[in-house]
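Thanks for coming, everyone. I have one structure to show today, so let me put it on the screen.

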Amino acid sequence: MDQGAVLGETHLGRLGRVNGNRRIARCECGAMLEGDSEGGLYEAVQLHLAQHHPQLLGAMGLDVVLQMAEDIGGTHADGSGQ
């Protein structure tokens with residue numbers, strides 16, 4: 001399983017696209033976190049926390065990540081469609 005990739009300050013989680021929709025969440029530090037699914041977004045958040053906010057790792061469950069999430073359809077956070 002891909003642990004996510006880093007593109008600038010955007011962290012991508014990839015677990016398979018659901019209905020062509022992508023999900024994003026913005027961290028308070030300004031980073032945009034992106035995933036192809038709810039699980040992919042959760043994975044991206046965990047990767048970001050581990051790298052930038054290790055004191056918060058484990059503090060954000062899937063329910064919290066989903067509350068932060070927005071559906072952006074079939075485009076990447078940078079505006080490119082895929």
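I will go through the fold, the salt bridges, the cysteines, and then the first helix.

A word on the source before that. This is a predicted model, where local features need pLDDT of at least 70, side-chain atom pairs count only at pLDDT 80 or more, and totals for chains, interfaces and linings use all residues. Residues are numbered from 1 along each chain as its sequence is written, and side-chain values use heavy atoms, with hydrogens and water left out.

Now the fold. The chain has two helices and five strands. Here helices (H or I, at least four residues) and strands (E, at least two) are DSSP runs, numbered from the N terminus. The order from the N terminus is β-β-β-β-α-α-β. There are 82 residues, and 38% of them count as buried. Buried is under 20% relative accessible area, exposed is over 50%, and partly exposed is in between, with a 1.4 Å probe and protein chains only. Residues 24 or more positions apart account for 47% of them.

Next, strand 3 and strand 4. They pair in the antiparallel sense, over four bridges. Pairing requires at least two bridges found by DSSP between the strands. Ile 24 stands opposite Glu 34 of strand 4. Five residues lie between the two strands of this hairpin, and Gly 30 takes a positive phi near 105° there. Strand 3 is mostly covered, with four of its five residues buried.

That brings us to charge. Side chains of opposite charge can pair when their charged atoms come close. My rule for a salt bridge is a side-chain nitrogen of Lys or Arg within 4 Å of a carboxyl oxygen of Asp or Glu. How many salt bridges does that rule give? The count is three.

Start with Glu 34 and Arg 22. Their side chains meet in a salt bridge at 2.5 Å, N to O. Glu 34 is in strand 4 and Arg 22 is in strand 3, so the pair ties together parts that are 12 residues apart in sequence. Both residues are buried.

Arg 22 also forms a salt bridge with Asp 36, and there the closest N and O atoms are 1.8 Å apart. Asp 36 sits in the loop between strand 4 and helix 1 and Arg 22 in strand 3, so this pair ties together parts 14 residues apart in sequence. How accessible are the two? Arg 22 is buried at 0% relative accessibility, and Asp 36 is buried at 9%.

Glu 70 is partly exposed at 39% relative accessibility. Arg 26 is partly exposed too, at 45%.

On to the cysteines. A disulfide here is a pair of cysteine sulfur atoms within 2.5 Å. By that rule, the count is zero. Cys 27 is buried, with a relative accessible area of 17%. Cys 29 is partly exposed, at 44%.

Stay in that area for His 53. His 53 lies in the loop between helix 1 and helix 2. It is buried, with a relative accessible area of 15%. Leaving aside neighbours within four places in sequence, His 53 is in contact with Cys 27, Cys 29 and His 48. The C-alpha atoms of His 53 and Cys 29 are separated by 9.5 Å, with the two residues 24 apart along the chain.

Last, helix 1. It covers residues 38-52, which is 15 residues. From first C-alpha to last it reaches 21 Å, close to the 21 Å expected. That expected span is 1.5 Å times one less than the number of residues. Its buried residues include Gly 40, Leu 41, Val 45 and His 48. Ser 37 is buried, at 10% relative accessibility. A polar atom of its side chain lies 3.0 Å from the backbone nitrogen of Gly 40.

That is the tour. Over to you for questions.

Technical notes:
Polar contact = N/O pair within 3.5 Å; in protein donor to acceptor, adjacent residues only side chain to side chain. Contact = heavy atoms within 4.5 Å.
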